[in-house]
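Hello,

Here is the structure I promised to pass on. Please open it first, then read my notes below.

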Amino acid sequence: MGIKKTVSVLGLGRMGSALAKALVEEGYEVTVWNRTPKVLENTRSVATPEEAFKSDVVVTCLPTYDVQQPLLTNEIKTLVNLTSGTPEQARRTAQWAKDNGVEYVDGVIMAVPQQIRTPQARIFFSGNENHHVLQAFGEPVYVGEDAGLAALHDLALLGIMWATFGGYLQAVALMGSEGIKPEQFTPMAMSWLNEMSTLLPEMGAVTQTRDYETDVSALDINVSGLRLLTEANEEQGLDATIPKALHDLFERAQRNGHGNHSIASVIEEIRK
Ligand SMILES: NC(=O)c1ccc[n+]([C@@H]2O[C@H](COP(=O)([O-])OP(=O)(O)OC[C@H]3O[C@@H](n4cnc5c(N)ncnc54)[C@H](OP(=O)(O)O)[C@@H]3O)[C@@H](O)[C@H]2O)c1
C-alpha cells in the first residue's frame, strides 16, 4: 500500500467537520484549521491557514469565496475547493491557482453532512480530472474541464430544489389555512412530483427544437391558473410572492406571443 497524502481542511462548520471526519476514516493524516479553534478527534489543529498549507492537499469548505479568497496563498500545493460559489468565482479561483502554480480542483457537494461517505453523496468536480481525495466523501462525478462547470451543476440542481421546496411550503400553508395537515397532504404532493418529473425529458427536448405547438395545455390556461393561485393565497391571508413571481414571468411570455404555446416557451423569457 502506498503512503497516503497528508490533507488539511479549512473550515470546520457542519460540512467541513463531516469532510475532516471522512478523511480520518479513510486513513489520511488530517490537519484542520477553523477561525474559532476547534478540536476534532484524530486530527491536528493548527492556529493559522499557513500551517495547514504544508499538507499535500488542502480542502476548503468555507461559507463563501469572499471569506475563502483572502486566506489562500501560493504555498498551497493542491487546492480542492468545496466552498459553494458561482461558475465565475470558480473560474477566477482556477485562474488564480494557475497563476500561482497551485493544482486546482473545483468541487461541489450534492449532499448534507449526514450523507458524507455514503454513495448518495455525489461530489461534482471540474477543471481537473484528478479527483484527489474526493472519493473519501462519496461519489465523485467529473463534469468537465471548465472549472466553472461543477458550480453550474450545483446551482442548477439547487434551483430545482429551492423551487420545489418553495412550492411545497406554499401548498402546505394553503392547505393548512383550512386545517388540512401536512401528513394528509404530503403523500399527494409526493406522487404529484413523481408524475411531474416524467414530463421533464419532453419539456427539455422542446426547449432545444423550440417547436412550442401543443395539444396538451396552452400557456394562456396556465397564466389564468397562476392568477387563481395568487388570488387564492391572498384570499386565505397568505403571502403570495412565489405564485405572483411565476405568474408575472409566464404572463410576460404570453404577452410576447406564446399564449397558444406550451409552458416550455417560458424559457424564451428566461433566456433573455
Ligand atoms: N451544510 C450543508 O448541507 C452543505 C451542503 C453542500 C454544500 N455546503 C457548502 O459547504 C460550505 C460550508 O457550509 P457549512 O454548512 O459547513 O457552514 P457552517 O456550518 O455555517 O460553517 C461555516 C464555517 O465557516 C467558518 N467561517 C464563517 N465565517 C468565516 C470567516 N469570516 N472567516 C473564516 N471562517 C469563517 C465558520 O467558522 P467559525 O466556527 O469560526 O464560525 C465555520 O467553520 C458552504 O459553501 C456550503 O454552501 C454545505
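**What I found**

The chain has 10 helices and 8 strands. Please keep in mind that this is a predicted model. The C-alpha atoms fill a box of roughly 65 × 45 × 35 Å along the principal axes. Of the 272 residues in the chain, 42% are buried. The accessible surface is about 15,300 Å². Carbon and sulfur atoms account for 57% of that surface.

Two more figures for the whole chain. Take the contacts between residues at least 6 apart in sequence: 49% of them join residues at least 24 apart. As for charge, there are 22 positive and 34 negative side chains. The centres of these two sets lie 6 Å apart.

**Rings**

How many aromatic pairs does the structure hold? It holds 1. The partners are Phe 125 and Tyr 142, and the pair is tilted. Their centres are 5.3 Å apart, with 55° between the planes. Phe 125 belongs to strand 7 (residues 122-126) and Tyr 142 to strand 8 (residues 139-142), so the pair ties together parts that are 17 residues apart in sequence.

Are the two partners buried or exposed? Phe 125 has 3% relative accessibility; that is under 20%, so Phe 125 counts as buried. Tyr 142 has 31% and counts as partly exposed.

A ring also features in a contact with a charge. The charged end of Lys 4 sits over the ring of Tyr 28. The distance from that charged end to the ring centre is 4.5 Å.

Arg 117 is not a glycine, yet its phi is positive, at about 75°. Arg 117 sits in the loop between strand 6 (103-110) and strand 7. Its relative accessibility is 36%, so Arg 117 counts as partly exposed.

His 132 also has a positive phi without being a glycine; the value is near 50°. Where does His 132 lie? His 132 is in the loop between strand 7 and strand 8. With a relative accessible area of 9%, His 132 is buried.

**Contacts of Glu 103**

His 132 comes up again here, as one of the residues in contact with Glu 103. Glu 103 is in strand 6.

One distance to check in your viewer: Glu 103 to Gly 127. These residues are 24 apart in sequence. In space they are 9.9 Å apart, C-alpha to C-alpha.

**The end segment: Arg 271**

Arg 271 is in the segment after helix 10 (267-270). Which residues does Arg 271 touch, not counting those up to four places away in sequence? They are Thr 207, Gln 208, Arg 210 and Tyr 212. The relative accessible area of Arg 271 is 43%. That lies between the 20% and 50% limits, so Arg 271 is partly exposed.

Best wishes

Definitions and conventions:
Residues are numbered from 1 along each chain as its sequence is written. This is a predicted model: local features need pLDDT of at least 70, side-chain atom pairs count only at pLDDT 80 or more; totals for chains, interfaces and linings use all residues. Side-chain values use heavy atoms; hydrogens and water are left out. Rings of Phe, Tyr and Trp (its six-membered ring) pair if their centres lie within 6.5 Å; planes under 30 degrees apart count as stacked, over 60 as edge-to-face and the rest as tilted. Helices (H or I, at least four residues) and strands (E, at least two) are DSSP runs, numbered from the N terminus. Buried means under 20% relative accessible area, exposed over 50%, partly exposed in between (1.4 Å probe, protein chains only). A charge sits over a ring if NZ of Lys or CZ of Arg is within 6 Å of the ring centre and within 35 degrees of the ring normal. Contact means heavy atoms within 4.5 Å. Accessible areas come from the Shrake-Rupley method with a 1.4 Å probe; for residues, only the protein chains shown count as cover. Lys and Arg count as positive and Asp and Glu as negative; His and the chain ends are not counted. The place of a charge is taken as NZ of Lys, CZ of Arg, CG of Asp or CD of Glu.
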